[in-house]
Amino acid sequence: MNKTKGLDFIKRYTMILVLIVVTAFFAWRTGGAILLPMNVSSLISQNAYVFILATGMLLCILTGGNIDLSVGSVVCFVGAIGAVLMVNMKMNMWLAILIMFVIGTLIGAFQGFWIAYVRIPPFIVTLATQLIVYGILLMYIMLNGNNGQPLSGLDKSFKNFVTGSFLKIRGVPIPNYVWYACVVVVFMWFMWNKTTFGKNMFAVGSNPEAANVSGVNVMRTTILVHTLAGCMYGITGFIESARIGSNQANTGLNYECDAIAACVIGGVSFVGGTGKISGVVLGVFILRIIFVALQFLAVSQNMQYVIKGLIILIACAIDMRKYLVRK
């Protein structure tokens, strides 16, 4: 009985235990520098966008292992549109933010339509969307005599709204966008666990045929999943537009890799139907701690890409192994 309880405890709190072990190891290797309040604040603030992206990616993966490859292009496109609206057209900040949300949401709905109604594999749809959006982005930033130069000079009120700080913890300012990310995560957790839509997502991801027989509208659920994911990318776009302060064609490069890595580390299954918001949050923390520690240890950026790829590959291999054992 004690052995069984011990195994159950380890299975239930695996991610927390991994986070503690990883943090302790790198704190030892960096002489405790990684745990300094300023470094912890920097770790969280520089990667708050990953929390939002990862929840959007989690939605897609949950409904059958659908990886969204359009993430980076959509984030960059939304940010560029917001920059032009506020800088060149002098549009009101709130109206520009609303338009950015709507564009991200519409792109998600566009992908959901092709996946649900036309039955095109998600990989193909999101790859095509990535190319379409990126092409439109390149043409967009060439307009008005910009000639492809970075879009900067954002409205100060917009930058303060996103990157300002209304709260300090032990004298360390926490950017506003960190709190916005927290609000998004809480909302997604509630939707995930307390709504009929959340239950339908799990049903569709586990077995779409059985879900359809049980009365779940699989097509509508699939479209709503991708629409909500697009909304998450839109939110990230307006945050990154202000956080970076300069929007260019490669702003969202490899953002989808960060989201995918956070999901697989957080225990999201690529066969669909398995995943938790809490696991993804812990996955983001583990991933960020690893790479911040690698920077402290002077590991080159090129090697960090290799390590990130290996993390995704190994985590997916473990997930598939567990799936085959259960099957």
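Let's start with one cysteine. Cys-263 counts as buried because its relative accessibility is 0%; buried means under 20% relative accessible area, with a 1.4 Å probe and protein chains only. This is a predicted model, where local features need pLDDT of at least 70 and side-chain atom pairs count only at pLDDT 80 or more, while totals for chains, interfaces and linings use all residues. Residues are numbered from 1 along each chain as its sequence is written, and side-chain values use heavy atoms, without hydrogens or water.

Tyr-233 is in contact (heavy atoms within 4.5 Å) with Cys-60, and its other contacts include Leu-53, Met-57 and Val-71, leaving aside neighbours within four places in sequence.

Now the core. The largest nonpolar core has 90 residues. Such a core joins buried Ala, Val, Leu, Ile, Met, Phe, Trp, Tyr and Cys residues through side-chain atoms within 4.5 Å. Which members touch the most others? Leu-59, Phe-158 and Tyr-233.

Last, the second largest pocket. A pocket is an open set of points on a 1 Å grid over the protein atoms alone, where a 1.4 Å probe fits, with protein on both sides within 12 Å along at least five of seven lines; lining residues have an atom within 4 Å of a point. This one is lined by 25 residues, and among those nearest its centre are Asp-258 and Arg-288. Its volume is about 610 Å³, counted as the space filled by probe spheres set on the points.

Definitions and conventions
Buried means under 20% relative accessible area, exposed over 50%, partly exposed in between (1.4 Å probe, protein chains only).
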